[in-house]
Amino acid sequence: MVTIEESNQLLGSLIEYDLVDEYRLLVFPLLLGSGKRLFADGRSPRRLTLTATRPTPSGVLINTYRRSAEG
């Protein structure tokens with residue numbers, strides 16, 4: 001079983017070495033306080049383009065981002 005910390009470390013490495021082609025981020029209409037930051041500690045993806053966004057009946061937005069040809 002993989003822990004959240006191990007998963008976060010793996011994701012950080014994939015972002016750092018620019019190995020992610022597509023991100024699907026779910027945005028929930030809630031404010032619960034602080035949580036894990038996807039792009040923390042100076043990690044940020046290369047240039048991304050929003051290619052799709054889809055709302056669900058519960059108000060969650062599913063946003064799809066892909067690597068830009070420029071980046």
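This is a predicted model: local features need pLDDT of at least 70, side-chain atom pairs count only at pLDDT 80 or more; totals for chains, interfaces and linings use all residues.

Student: What pattern does the chain follow when it is read along the sequence?

Tutor: The secondary structure of the chain comes to one helix and three strands. Read along the sequence, these elements give the pattern α-β-β-β.

Student: Which residue of E3 is the bridge partner of proline 55?

Tutor: E2 and E3 run antiparallel and are joined by seven bridges. For proline 55, the bridge partner in E3 is leucine 61.

Student: How many salt bridges does a search of the whole structure find?

Tutor: Side chains of opposite charge can pair when their charged atoms come close. One of the pairs found here is glutamate 22 with arginine 24, whose closest N and O atoms are 2.9 Å apart. Of these two residues, glutamate 22 is partly exposed at a relative accessible area of 26%, while arginine 24 is exposed at 58%. For the whole structure, the search gives a total of four salt bridges.

Student: How many residues apart in sequence are the parts that arginine 67 and aspartate 18 tie together?

Tutor: Arginine 67 forms a salt bridge with aspartate 18, and the closest N and O atoms of the pair are 3.1 Å apart. Because arginine 67 lies in strand E3 (residues 61–67) and aspartate 18 in the loop between helix H1 (4–16) and strand E1 (22–27), the pair ties together parts whose separation in sequence is 49 residues.

Student: Which residues are linked with Arg67 in a network of salt bridges?

Tutor: The side chain of arginine 67 also meets that of aspartate 21 in a salt bridge, at 2.8 Å from N to O. This second pair likewise links distant parts of the chain, with aspartate 21 in the loop between H1 and E1 and arginine 67 in strand E3, 46 residues apart. In the network, Arg67 is therefore linked with Asp18 and Asp21.

Student: Is aspartate 21 buried or exposed?

Tutor: A residue counts as exposed when its relative accessible area is over 50%. Arginine 67, at 36%, counts as partly exposed, and aspartate 18, at 21%, is partly exposed as well. The relative accessible area of aspartate 21 is 51%, so this residue is exposed.

Student: What value is phi of aspartate 18 near?

Tutor: Most residues other than glycine have a negative phi. Aspartate 18, placed in the loop between H1 and E1, is a residue other than glycine with a positive phi, and the value is near 55°.

Student: Which side chain does a polar contact join to that of asparagine 63?

Tutor: Asparagine 63 is found in strand E3, and its relative accessible area of 9% means that it is buried. Not counting residues up to four places away in sequence, asparagine 63 touches Tyr23, Arg24, Leu25, Val27, Leu50, Ala52 and Thr53. The polar contact, at 2.4 Å, joins the side chain of asparagine 63 to that of threonine 53.

Student: How long is the polar contact between the side chains of serine 68 and threonine 49?

Tutor: Serine 68 is found in the segment after E3 and counts as buried at 13% relative accessibility. With residues up to four places away in sequence left out, serine 68 touches Arg47, Leu48 and Thr49. The polar contact that joins its side chain to that of threonine 49 is 2.6 Å.

Student: What percentage of the residues of the chain count as buried?

Tutor: The accessible surface of the chain comes to about 5900 Å², and 56% of this area belongs to carbon and sulfur atoms. Among contacts between residues at least 6 apart in sequence, 55% join residues at least 24 apart. Of the 71 residues of the chain, the share that counts as buried is 17%.

Notes:
Residues are numbered from 1 along each chain as its sequence is written. Side-chain values use heavy atoms; hydrogens and water are left out. Helices (H or I, at least four residues) and strands (E, at least two) are DSSP runs, numbered from the N terminus. Buried means under 20% relative accessible area, exposed over 50%, partly exposed in between (1.4 Å probe, protein chains only). A polar contact is a pair of N or O atoms within 3.5 Å; within protein, one must be able to donate a hydrogen and the other to accept it, and residues adjacent in sequence count only if both atoms are side-chain atoms. Contact means heavy atoms within 4.5 Å. Two strands pair if DSSP finds at least two bridges between them. Accessible areas come from the Shrake-Rupley method with a 1.4 Å probe; for residues, only the protein chains shown count as cover.
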